[in-house]
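Trainee: I would like to go through this entry one question at a time. Please put it up first.

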Amino acid sequence: MPRFGLRRLALMVLGSGLIWTAGSHSAFAIESCVASLKREAVSAGVRPEVAERMLKDASFDEKVIRFSTSQPEYKTEIWDYMAFLVDAERIKDGKKNLRKHRQTLSAIEKRYGVNRHVVLAVWGIESDFGQFKGDFYTPHALANLVCAGKRRQKYFRGELIKTLQIASRGDVPVNDFQGSWAGAFGQTQFMPSTYNSLAVDFDGDGRKDLVNSVPDALASTANFLKNAGWRDSRAWGYEVKVPSGYSGPIGLKKRASLSTWGKRGFKKIGGGSVSGKTEAALIRPAGANGPAFLVTRNFNALRSYNVSTSYGLAIALLSELVADGEPFKTPWPTDNPGLSRAQRLELQKLLNRNGFNVGEPDGKVGPLTRAGIRKAEAKYGLPVTGRPSWNVYSALGGK
């Protein structure tokens, strides 16, 4: 989900008529608003006991509000993003799950016309193949966004009511709505409104359960991608060599046939001509010195899952690698690359070992870890960024 600039605005609590400023003690009291939401949910057809159970004990969550209103502490470069999301462990797990769920994935591919490796890659990126459920109980997170949020309260109110309706119908157990601060849930992280329009019951048990049913989650993802324009008759795109001195069209809106790009001098990395009637656009996500790609509308379908070019490329790369394909050949333009999940965990252990206390190592780089990194960078004469990078990892003894 996108994050937005940090602003000290008033927090308007809908349903109560009160306006509370950020940081005031009143911000922790959202009971009146939550009570109003319960009544609204029941009026919308939610069983009273479900509304009560799912919103019981909902209280102000500073972390939800902070995530919804602030930029990350540093800009995430694409090489950090890719190193974290597409690492050796995720590729290995992807291949294991490809074998384990081969029959299900084959049936999904046949029904929806979406490449099985792409569906698998979305699953891997969104929940680490079902291993990570999310940090928030989504009804409480959504209640915070409605009652104490700074923007889009009407949208989040609708998503909350839809969440309660899904549980009230019995599709997903009330305790299983674990996910993101913005309300997405399930093994492939659907927002409730997306669930209502695109989730499917693929295992035939009469429920569309994206939390506990792998077939339902994967088929729903394939249905999403098909609806977003994925067609298995075309590739997502190709890494290409840009002709010297090129100054022509660039960007997702500047499309031309692959043959036109071939006439402009573009060639596939590793050899091979660029040809055909399929339309593609040129993207250079790390600038002129990094990898370049000609991407089709299938890439747009991947990108629509999280409205991010970096995200789309992570899905594309992971899908290639779990299918025993080739990694991107052109290196990212940095001499200080990002770290895999295993390396981030080891970095935290090294920080603790060297006296930069960052708490219990868990591989998640939060404020405490960034503070420790900054102290280590200062000690070793590195630029102070708070970024989990190869240079600070190496300085601390990482291998």
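Mentor: Start with a definition: buried means under 20% relative accessible area, exposed over 50%, and partly exposed in between. Keep in mind that this is a predicted model.

Trainee: Is Lys-364 buried, partly exposed or exposed?

Mentor: The relative accessibility of Lys-364 is 45%. Buried needs a value under 20% and exposed a value over 50%. Because its value lies in between, Lys-364 counts as partly exposed.

Trainee: Which residue forms a salt bridge with Lys-364, and how far apart are the closest N and O atoms?

Mentor: Lys-364 sits in the loop between H15 and H16, and its partner sits in the loop between H7 and strand E3 (136–137), 229 residues apart. The salt bridge joins Lys-364 to Asp-135, with the closest N and O atoms 3.4 Å apart.

Trainee: How many residues apart in sequence are the parts that Arg-387 and Asp-80 tie together?

Mentor: Arg-387 and Asp-80 form a salt bridge, and their closest N and O atoms are 2.6 Å apart. Arg-387 lies in the loop between helix H16 (367–379) and helix H17 (390–395), while Asp-80 lies in helix H4, so the pair ties together parts of the chain whose separation in sequence is 307 residues.

Trainee: Are Arg-387 and Asp-80 buried or exposed?

Mentor: Arg-387 has a relative accessible area of 11%. For Asp-80 the value is 1%. The cut-off is under 20%, so Arg-387 is buried, and Asp-80 is also buried.

Trainee: What is the N to O distance in the salt bridge of Lys-329 and Glu-326?

Mentor: Lys-329 is partly exposed at 49% relative accessibility. Glu-326 is exposed, at 52%. Their side chains meet in a salt bridge with an N to O distance of 2.7 Å.

Trainee: How many salt bridges are there by this rule?

Mentor: Side chains of opposite charge can pair when their charged atoms come close. Some are linked in a network, made up of Asp-87, Glu-89, Arg-90, Asp-128 and Arg-341. The count of salt bridges comes to 17.

Trainee: Which side chain of opposite charge is nearest to Asp-93?

Mentor: Asp-93 is found in helix H5. Leaving aside neighbours within four places in sequence, Asp-93 is in contact with Asp-128, Phe-129 and Gln-131. Asp-93 is buried yet has no salt bridge, and the nearest side chain of opposite charge, 4.1 Å away, is Lys-96.

Notes: Residues numbered from 1 in each chain as written. Predicted model: local features only at pLDDT ≥ 70, side-chain atom pairs only at ≥ 80, totals over all residues. Heavy atoms only, no water. Salt bridge = Lys/Arg side-chain N within 4 Å of Asp/Glu carboxyl O. Helix = DSSP H or I, 4+ residues; strand = E, 2+ residues; numbered from the N terminus. Buried < 20%, exposed > 50% of the residue type's maximum accessible area, 1.4 Å probe, protein only. Lys, Arg positive; Asp, Glu negative; His and termini not counted. Contact = heavy atoms within 4.5 Å.
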